[in-house]
Amino acid sequence: MNSKLTPARLGFLSLVAAGAFAAATQSSLAGECPADLIVADSNMQTDMSAKGVTDTVIGAIDLANEAPMLDNRMFRLRRLEIEAGGVVPWHSHGERPAIIYIVSGEIVEHSSTCAVPILHRAGEVSLETHPVSHWWENVSGAPVVLLSADILHVEGDDKTM
C-alpha cells in the first residue's frame, strides 16, 4: 500500500478534519446558550404558574446533620414529568444550585442569562447556578422527564420549582 501523502489525500483528510470539528462544535453547544448570546439579565420573568408538571421528591438529606453543617438546607433529588404544553414557572437559583438531567424528550429553557431560548434534549445536563433565573416549557407533543438534584433552603419560598 502506498502511504504517500498526495494532494488528493491531503484534501480528503482536511475535509474529514473539518467535518469532525463541525460535529464536535455542534454537540458541545447542544443545550447551552450560544456564547455570543449570553447576557447579564434578560428579564424574561413571567407570572405563569406551574402547569402540567408532576414533581416528585425521590429523596432528600437534611444538610444540618452533615458536614459541613448547612442549617436549613436540604440536598434533594426529584423526578419531574412535564406534560406537552406544560410549564415549570419562573424561579431563581440565587440560593439554590441545581443540576438537571434530561431523561427523555425535549424542553425549552428561557433563562435570564441568555438572549434566546435554549433547547435541551434527552441525555443532556443543565447546570443551574446563582446567576440563573429561568422558566421551562414543553413545546413538544410528548411528555418530558427530568431529574433534578438541588440544595434547597428549607425556609425559602421556592420549595417545589
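A polar contact of 2.7 Å joins the side chains of arginine 96 and aspartate 150 in this predicted model, a polar contact being a pair of N or O atoms within 3.5 Å in which, within protein, one atom must be able to donate a hydrogen and the other to accept it, while residues adjacent in sequence count only if both atoms are side-chain atoms. Arginine 96 is placed in the loop between β2 (73-92) and β3 (98-104), where strands (E, at least two residues) and helices (H or I, at least four) are DSSP runs numbered from the N terminus. Because its relative accessibility is 4%, arginine 96 counts as buried, a word that stands for under 20% relative accessible area, with exposed for over 50% and partly exposed for values in between (1.4 Å probe, protein chains only). The model is predicted, so that local features need pLDDT of at least 70 and side-chain atom pairs count only at pLDDT 80 or more, whereas totals for chains, interfaces and linings use all residues. Residues are numbered from 1 along each chain as its sequence is written, and side-chain values use heavy atoms, with hydrogens and water left out.

A second polar contact between side chains, of 2.9 Å, is made by serine 111 with threonine 113. Serine 111 lies in strand β4 and is counted as buried because its relative accessibility is 1%. Strand β4 (106-111) runs antiparallel to β5 and is joined to β5 by 4 bridges, two strands being paired if DSSP finds at least two bridges between them. The two strands form a hairpin with 6 residues between them, and valine 108 has leucine 119 of β5 as its bridge partner. In a regular strand the side chains alternate between the two faces of the sheet. In β5, Ile118 and His120 belong to the covered face, whereas Leu119 and Arg121 belong to the uncovered one.

The loop between β4 and β5 also holds cysteine 114, which is linked to a distant part of the chain, 81 residues apart, at cysteine 33 in the loop between α1 (7-29) and β1 (51-62).

On a 1 Å grid over the protein atoms alone, a pocket is an open set of points with protein on both sides within 12 Å along at least five of seven lines, a cavity is a set where a 1.4 Å probe fits but cannot get out, and lining residues have an atom within 4 Å of a point. The largest pocket has a volume of about 350 Å³, and β6 gives the most to its lining, with 3 residues.

The structure also holds 1 cavity of 30 Å³ or more, and the largest cavity contains about 90 Å³ of space. Its lining consists of 13 residues, of which Val88, His91, Ile100, Glu128 and Trp136 lie nearest its centre, and β2 gives the most to this lining, with 4 residues.

Methods:
Grid points are joined across faces, edges and corners, and a volume is the space filled by probe spheres set on the points.
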